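Colleague: I would like to go through this model with you. Could we begin with the terms and then move on to the structure itself?

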Amino acid sequence: MKDIKLIPLTKSDIELVRNWRNSSDVSQYMYTDSEISKKQQHIWFDNIHKDNSCKYWIIEYDEKKLGLASITGINETLKSCYWAFYLGDSSVRGAGIGAKVEYNIISYVFNKLKLNKLRCEVFTSNEKVIKMHEKFGFRREAYYREHCMKNNEKLDVVGLALLESEWRTIDLFLKNKIYGK
């Protein structure tokens with residue numbers, strides 16, 4: 001079975017990323033869904049490119065660019081960070097790509113960065129993604145009431161986290177399940 005690749009985001013990819021991010025398929029799951037201009041995208045890229053507390057990757061599978069993954073808020077003192085991803089190519093949703101991305105990000109955070117805690121935030125209405133995170137050992141740690149306003153609706157968000165020690169107990173089992181090894 002083919003593996004996904006996480007390729008560092010470059011300036012040549014930012015227009016593709018902007019198109020994904022501006023699509024309603026992606027923006028519906030983001031805190032903001034206003035249209036992002038080319039100028040805003042370039043400013044965003046310049047800022048993250050200089051920021052050592054974050055990393056962004058293009059998700060590639062079978063030589064096709066499918067989405068974006070990131071870790072942000074890398075904090076060496078607290079030994080933690082946040083992570084997020086989206087698939088800009090909606091044709092691959094439900095095909096197990098998200099699980100492979102999640103496995104690779106978790107492995108990177110705990111094995112390469114040597115952090116202790118990986119966190120994420122998900123709209124409570126996105127139960128499918130919450131359940132995916134929980135299958136990887138994430139636990140619900142926070143409930144943010146009316147955390148975001150979209151389409152004149154106040155939305156709640158759940159905060160999830162995974163500790164490195166929890167990951168160690170399920171790592172091999174999940175790797176075998178996801179990759180069939």
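Modeller: A residue is called buried under 20% relative accessible area and exposed over 50%, with partly exposed in between. Please bear in mind that this is a predicted model.

Colleague: With that in hand, which residues are buried in helix 1?

Modeller: In helix 1, the buried residues are I14, V17, R18, W20, R21 and N22.

Colleague: And what do the buried residues of helix 1 pack against?

Modeller: They pack against helix 2 and helix 3, and also against strand 2, strand 3 and strand 4.

Colleague: Is strand 2 mostly covered or mostly open?

Modeller: Strand 2 is mostly covered, with five of its seven residues buried.

Colleague: What are the pairings of strand 2 with strand 1 and strand 3?

Modeller: Strand 1 and strand 2 pair in the antiparallel sense over four bridges, and the partner of L6 in strand 2 is I59. Strand 2 and strand 3 are also antiparallel, joined by seven bridges, with W57 opposite A69 in strand 3.

Colleague: How many residues lie between strand 2 and strand 3 in the hairpin?

Modeller: Two residues lie between them, and D62 in the turn has a positive phi of about 55°. E63, in the loop between strand 2 and strand 3, also has a positive phi, of about 65°, although it is not a glycine.

Colleague: Is E63 buried or exposed?

Modeller: E63 has 72% relative accessibility, so it counts as exposed.

Colleague: A change of topic, to the largest pocket. What is its volume?

Modeller: About 1,300 Å³ of space lies in the largest pocket. Its lining has 40 residues, and the closest to its centre are Y29, M30, A84, F85 and Y86.

Colleague: Which element gives the most to that lining?

Modeller: Strand 4 gives the most, with six residues. Other elements that give two or more residues include helix 3 (38–50), helix 4 (97–112) and helix 5 (127–135).

Colleague: What is the make-up of the lining by class?

Modeller: The lining has 25 nonpolar, 10 polar and five charged residues.

Colleague: You mentioned A84. What stands opposite A84 in strand 4?

Modeller: S70 stands opposite A84. Strand 3 and strand 4 run antiparallel and are joined by seven bridges.

Colleague: Lastly, S107. Where does S107 lie, and is it buried or exposed?

Modeller: S107 lies in helix 4. Its relative accessibility is 14%, so S107 counts as buried. Leaving aside residues up to four places away in sequence, S107 touches K112 and W167.

Note on methods. Residues numbered from 1 in each chain as written. Predicted model: local features only at pLDDT ≥ 70, side-chain atom pairs only at ≥ 80, totals over all residues. Heavy atoms only, no water. 1 Å grid on protein atoms, 1.4 Å probe; cavity = no way out; pocket = protein on both sides within 12 Å on 5 of 7 lines; lining within 4 Å. Points joined across faces, edges and corners; volume = space filled by probe spheres on them. Nonpolar A, V, L, I, M, F, W, Y, C, P; charged D, E, K, R; others polar. Buried < 20%, exposed > 50% of the residue type's maximum accessible area, 1.4 Å probe, protein only. Contact = heavy atoms within 4.5 Å. Pairing = 2+ DSSP bridges.
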